[in-house]
Amino acid sequence: MKLLSSILAATMIFAGSSMANPQLLDGIAAVVGDEVILISELEAFTMMRMEQMRLHETPDFDMEQFRSEVLEDLINNKVLLVNAKRDSTLAISDEEVEGALNNHISTILQQNNITLSQLERELKNQQGTTLPQFRAEMREAIREQLIQQRMQQFVYHSLNVTRRDVERFYEKYQDKLPQFGQSIQLSKLSLSVKPSDELEEAVFTKIHDIRQQLINGGDFDALAREYSEGPEASAGGELGLISKGTISERAFEDRAFNLPVGQISQPFRTRLGYHIIEVLEKRDRGVRVRQIFLKVAPDEEEVGKITSKLDSIRQSAQSSEEFSQAVREYSTDRITRDRGGNMGWSTLSDLPSSVRSAVRDLEKGQITEPVVEQNTISIYRVEDTADSRKLSLEDDYSVIAEQCREYKARKKLIEKVESWRQDTFIDIRI
């Protein structure tokens, strides 16, 4: 289990535990506020970073200088942690820590295709520890990581990035920006497909009956497991912490952020179906929500009608101009309709699997068969393809703007850490 060995080793490094290298006689490398950096932690991070950068192959490599640089990075991380802990709005709940810890363990199990019992055996053989000890080691480390991430997100979302900022960033760094891999430029024509009135009424009645059960004292967790049709049903409808701006359904986000904690919403409709939600917790930048969801899908007869219409369009609108004209005349997707269907460039790997499968083997100028996507059916025309390509402001503005924001956030965070260092107790002991 070579993969498992590497994952466990990296995990123990992440936890800052001497268990990452039991042979080391541990000691303190530095004290930052009330946080400690162990010598074993420093050595483990140094070796891991050397492997990642392949520095062991460099003949004139200065090990002491490199170790000092790694220690400075660890100190900066602790300075960030110390100051983040002082901000009550960045506090992490025990539920969030347990959720992240369980996800981490689930990832280990899935990546290695093993059971929890097998993981326990590997922990004992490789690290000389038990699963409860492993969880205890990881729990505080994960809390620290979540606090640091929340501070980084706070800085990120507090930034205002103008178009001029993005243009200047691109002018300065365009040659250093990563290239996209295999890419495709698509145009889309979408037609919405509506469920029957009978189905709409049946689901409407059912969701109101479920809410009445909740009002009469029914258990939300149990009712979600019994009735909800979302992937989170098995977890009692728990969606976790939702940040503002991360939900594509505006109606859902508005309800979630405006509903008082502990109150059960009236049933409401999105393009996917009907929802009942309960807000479990609110923070400045997020809410923790659970839901009961009933989907409303169109019947096969209606899907067949729309599919036939799209087949007819794709036969008669072969050229780029004809396709663009058909989009403006028929498409129900307002965003792409106003652009003649133009979706811009996308990497193949970023496309939804149904679209990726439909366009993968097509050449420039070809149009897909109708693709069913929730309550819409679409056809896609391949406008251009590229094995790799550079980012451009014209085609990739949103991607470049995101990288500009990340760059500004890193710069601002570095400035904050440098400022905090002046007021933070730091004692380097090696």
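How many aromatic pairs does the count come to? The count is 5 aromatic pairs. Two of the stops below visit such pairs. Keep in mind throughout that this is a predicted model.

**Stop 1: the whole chain**

Show everything as a cartoon. The protein has 15 helices and 11 strands. Along its principal axes, the C-alpha trace spans about 75 × 60 × 45 Å. Of the 430 residues, 42% are buried.

Next, select the charged side chains. There are 55 positive and 71 negative ones. The centres of these two sets lie 3 Å apart.

**Stop 2: confidence**

Colour by pLDDT. The mean for the protein is 86. A value of 70 or more is reached by 92% of the residues. Then select residues 1-10. Here the pLDDT is below 50, and the stretch has 23 contacts in the model beyond near neighbours in sequence. Move on to residues 17-25. There too pLDDT stays under 50. The model has 14 contacts for residues 17-25 beyond four places in sequence.

**Stop 3**

A pair of aromatic rings is described by the distance of the centres and the angle of the planes.

Begin with one of the 5 aromatic pairs. The ring centres of F169 and Y407 are 5.6 Å apart, with the planes at 45 degrees. Planes under 30 degrees apart would count as stacked and over 60 as edge-to-face, so this pair is tilted.

Which helices does this pair link? F169 belongs to helix 7 (residues 163-173), and Y407 to helix 15 (residues 393-421). The pair therefore ties together parts that are 238 residues apart in sequence.

Is F169 buried or exposed? F169 is buried, because its relative accessibility of 8% is under the 20% cut-off. Y407 has a relative accessible area of 27%, so Y407 is partly exposed.

Stay on Y407 and turn to Y173. The ring centres of Y173 and Y407 lie 5.2 Å apart, and their planes meet at 55 degrees, so this pair is tilted. Y173 is in helix 7 and Y407 in helix 15, so the pair ties together parts 234 residues apart in sequence. Y173 itself counts as buried, because 18% relative accessibility is under 20%.

**Stop 4: R67**

Select R67. This residue lies in helix 3 (residues 63-85). Is R67 buried or exposed? With a relative accessible area of 15%, R67 falls under the 20% limit and is therefore buried.

**Stop 5: S316**

Finish at S316, in helix 11 (residues 300-316). S316 has 53% relative accessibility, over the 50% cut-off, so S316 counts as exposed.

S316 and G262 are 54 residues apart along the chain. Their C-alpha atoms are separated by 55 Å.

Technical notes
Residues are numbered from 1 along each chain as its sequence is written. This is a predicted model: local features need pLDDT of at least 70, side-chain atom pairs count only at pLDDT 80 or more; totals for chains, interfaces and linings use all residues. Side-chain values use heavy atoms; hydrogens and water are left out. Helices (H or I, at least four residues) and strands (E, at least two) are DSSP runs, numbered from the N terminus. Buried means under 20% relative accessible area, exposed over 50%, partly exposed in between (1.4 Å probe, protein chains only). Lys and Arg count as positive and Asp and Glu as negative; His and the chain ends are not counted. The place of a charge is taken as NZ of Lys, CZ of Arg, CG of Asp or CD of Glu. pLDDT is the predictor's confidence in each residue, from 0 to 100. Contact means heavy atoms within 4.5 Å. Rings of Phe, Tyr and Trp (its six-membered ring) pair if their centres lie within 6.5 Å; planes under 30 degrees apart count as stacked, over 60 as edge-to-face and the rest as tilted.
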